[in-house]
Amino acid sequence: MFLLFIFLFPGAFSVHAPLSKSGQDVFFRRVLVGEDTNRHPCSRKCVAGEAPMICEYDFTLELYDVLSKACFDCPNKVEDCFLLDCVPADGVKRSILTVNRKLPGPLISVCHGDKVIVNVENHLLTDSTTIHWHGQKVKDAPYMDGVPYISQCPILPESSFRYKFIAEDAGTHLWHSHIGLQRGDGIFGGIVVRSPKNLDPHGSLYDFDLDEHVMVILDWDHVSETTKFTSHYHNVGDGKPITILVNGLGRYYGGKEQFGNLNMPTARFTVKKGYRYRFRVINTGFLNCPIDISIDNHTLNVISSDGYDFKSTEADSLVTYAGERFDFILDANQPEDVYWMRFGGIMDCDERFASAFQVAKGKQINPLNHGTESSSKAFVTAPELESLHPWDESLKEIPDYTYYIAYDFYKANNPSFYKSPNYDFNNIKNKDMLTLTPQLNYISMKLLPFPIFSQRNEINEDLFCNETTLKDTDCKNNFCSCPHVIQVDLNAVVELFLIDKGFAYDANHPFHLHGHAFRVVAMERVGSDVELEKVIEMNEKGQIKRNLKNAPWKDTVTVPDGGFTVLRFHATNPGYWLFHCHLEFHAEVGMSLVFKVGQHADMVSVPDNFPKCGNYI
Ligand SMILES: *[C@@H]1O[C@H](CO)[C@@H](O)[C@H](O)[C@H]1NC(C)=O
Ligand SMILES: *[C@@H]1O[C@H](CO)[C@@H](O)[C@H](O)[C@H]1NC(C)=O
Ligand SMILES: [Cu+2]
């Protein structure tokens, strides 16, 4: 639904004072008390040639609740909704997980090259955790990538872990828990890595780039994600969120019994007439609910995605998928007034907010289920966004590897959902109780019980699987689940075909690659469904049109249902890197695989005292 105002009030905007130049690394620590009013010293004007800072944050993970004691009279007294530690959400009480009793958690706002330190303290009582820095390649320290059983062991309850990485990837990013179902319950926040404005190719297009214009969007429900998950996979529950939150605020339009919640405050962004503002959008959705964003009486001048710039592209609306980030410029050129910003759920989003949304007219960027096959001028698809970054080897004519990764929801007798002989897949008479399994090349990912990067000396490669090792196994008819690892040589250029066969339902899977960004060179919808063989044939006959000139860089991308997206990445970061659907309900049932880039000898060594784990027999 439509949750925001833009206020065009003269003077109602703030500019941060640049910090004094220190000349050296300065060590700052975020004070927990009063952090809402005290900006972290690292959130500063970024100036070319200034020394990087060390930016430390404390993250305390806890079980928490919407409209807790800290909220006093919220929403009857709206100011109370903004008290420290009050999580108002959409005004419906439920159990949540938080970092520092905030939703979203703290924003990490730093300059390019700063060193980020995050002290994670896990007080989740029974859950372990890890935090992933989505968009940062952590090249110097791949064991800081925050993926359980790949880069590190889970951080146990009542334990702590200190993450350290260099903010080497400028742009709009996010951090989130990478374990189980914690992200959708609240363990997430934004990361903004700024470059000096005079080095930004779009620097002359905007006047302000403020932390208060960062927008974190999350689909939302009134039960915990675990409840939603078990009811979906073991019962008749759907996977549709009932509303969305923008910067932790929202309204539920669910009927009379919820009427009081129409008083809930929504996110508001203040701008001053006559100036141009850079907005940074982060979609951290966990369900299959892409969000279409538009602003009444304004256009969006979209300039970058996932930290990479492209030619500025003016549009009436912008679609974002889970895990994606987009930056746009808002020109406050309209009369002073309050304008709604509209967030339309355009897929498996609850009818109550999907139906309230009118399909935006005009030009749309990153549309759902469209590729370059459409000649409509109304759509700008990802490969048509013209990168401003120079041509590089990833766009060479012939890649070193081509992999086809085809997927769909399959009628697999998956022991996670069924049990033979009592209620095996074929015994289920009630169609509503049938759960199909999303798989990549008919394989469900099963991780090893120890982290394959940090404990790589313990790996027995015979346990890894892929299409080659399974060539004599009938995974179409027998459920296959194993550590799915694809090996590529260091510095190779890899072309990936992601094929959404689209026979089962109309779904949408945004894919995210760790450790690398990729170029989106092609995207096409073939039909309402498509077989892998058809796409291979199209490729072999030279029928696939690639943008090898200036395809945009991204790290998360959509694939049209019944079509494909073609990615190119230059495998320059040695390690084990997860590649997965960014919908939590899919990733957690195995819709992922791992790229092993280079050999163990190429990989960064792990600190001696790095935590270890594994089975005890
Ligand atoms: C916004 O656009 C609508 C529809 O074109 C128009 O009726 C309205 O007056 C505009 N609002 C302002 C404040 O200009
Ligand atoms: C499949 O896995 C095996 C065993 O780890 C490995 O030797 C082989 O290179 C892998 N194949 C591909 C295509 O990555
Ligand atoms: Cu998915």
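I call a residue buried under 20% relative accessible area, exposed over 50% and partly exposed in between, with a 1.4 Å probe and protein chains only. This is a predicted model, where local features need pLDDT of at least 70 and side-chain atom pairs count only at pLDDT 80 or more, while totals for chains, interfaces and linings use all residues. Residues are numbered from 1 along each chain as its sequence is written, chains are lettered from A and ligands numbered from 1 in the order in which they are written, and side-chain values use heavy atoms, with hydrogens and water left out.

**Copper site**

I looked up the copper ion (ligand 3) and found His-509 (ND1), Cys-581 (SG) and His-586 (ND1) as its protein donors, 2.0 to 2.1 Å away. Donors here are N, O and S atoms within 2.8 Å of the metal (3.2 Å for Na, K and Ca); water is not among the atoms, so sites may look incomplete. His-509 sits in the loop between strand S28 (493–500) and strand S29 (511–513), and His-586 in helix H4 (residues 584–587), so the pair ties together parts 77 residues apart in sequence. Helices (H or I, at least four residues) and strands (E, at least two) are DSSP runs, numbered from the N terminus. I checked burial too: His-509 is buried at 1% relative accessible area, and His-586 is buried at 8%.

**Ligand 2**

Next I listed the residues around ligand 2, among them Tyr-403, Glu-461 and Phe-464; to be listed, a residue needs a heavy atom within 4 Å. A polar side-chain atom of Asn-466 lies 2.2 Å from an oxygen atom of ligand 2.

Notes:
Polar contact = N/O pair within 3.5 Å; in protein donor to acceptor, adjacent residues only side chain to side chain.
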